[in-house]
Amino acid sequence: MPSRSKRRHWPADRIPLQRPVMALALEVYPLWRTIPELAREIGPSGALTRAVIELVTLGLLESHGSAVRPTKAIAHMERLRLP
């Protein structure tokens, strides 16, 4: 098991940008959202791209070129509306 010091944690300041990305992606699931579409809604920035990459890395979004959508598991979790 990795020691606590070697675990990777996402900086807390990035989480607020991940939330609107996920919300917008879930809004149209199972359709795809492109990065340019997300940028029109959220605002263009390198931080948006980093948030998308992090969500893909975490397995919350799947990507196809510049398009993303929530994974099936995340879409199902949203439908369960867990507290």
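Is Gln18 buried or exposed? Gln18 is buried, at a relative accessible area of 9% (buried is under 20%, exposed over 50%, partly exposed in between, with a 1.4 Å probe and protein chains only). Keep in mind that this is a predicted model, where local features need pLDDT of at least 70, side-chain atom pairs count only at pLDDT 80 or more, and totals for chains, interfaces and linings use all residues. Numbering starts from 1 along each chain as its sequence is written, and side-chain values use heavy atoms, leaving out hydrogens and water.

**Around Gln18**
- Gln18 sits in helix H1 (helices are DSSP runs of H or I, at least four residues, numbered from the N terminus).
- Setting aside residues up to four places away in sequence, Gln18 touches Ala51, Glu54 and Leu55 (contact means heavy atoms within 4.5 Å).

**H1 against H2**
- H1 (residues 15-28) packs on H2 (residues 35-42) at about 120°, with axes 11 Å apart.
- That angle makes H1 oblique to H2 (under 35 degrees is roughly parallel, over 145 roughly antiparallel, 65 to 115 roughly perpendicular, and the rest oblique).
- H1 brings Leu17, Pro20, Val21 and Leu24 to the contact, while H2 brings Leu38, Glu41 and Ile42.

**The nonpolar core**
- The largest nonpolar core has 13 residues, and Val21, Leu38, Leu48, Val52, Leu55, Leu61 and Val68 touch the most other members (a core is a set of buried Ala, Val, Leu, Ile, Met, Phe, Trp, Tyr and Cys residues joined through side-chain atoms within 4.5 Å).
- H1, H2 and helix H3 (46-57) each supply at least two residues of this core, with the largest share, five residues, coming from H1.

Technical notes
Axes fitted to C-alpha atoms, helices over the stretch in contact; angles between N-to-C directions.
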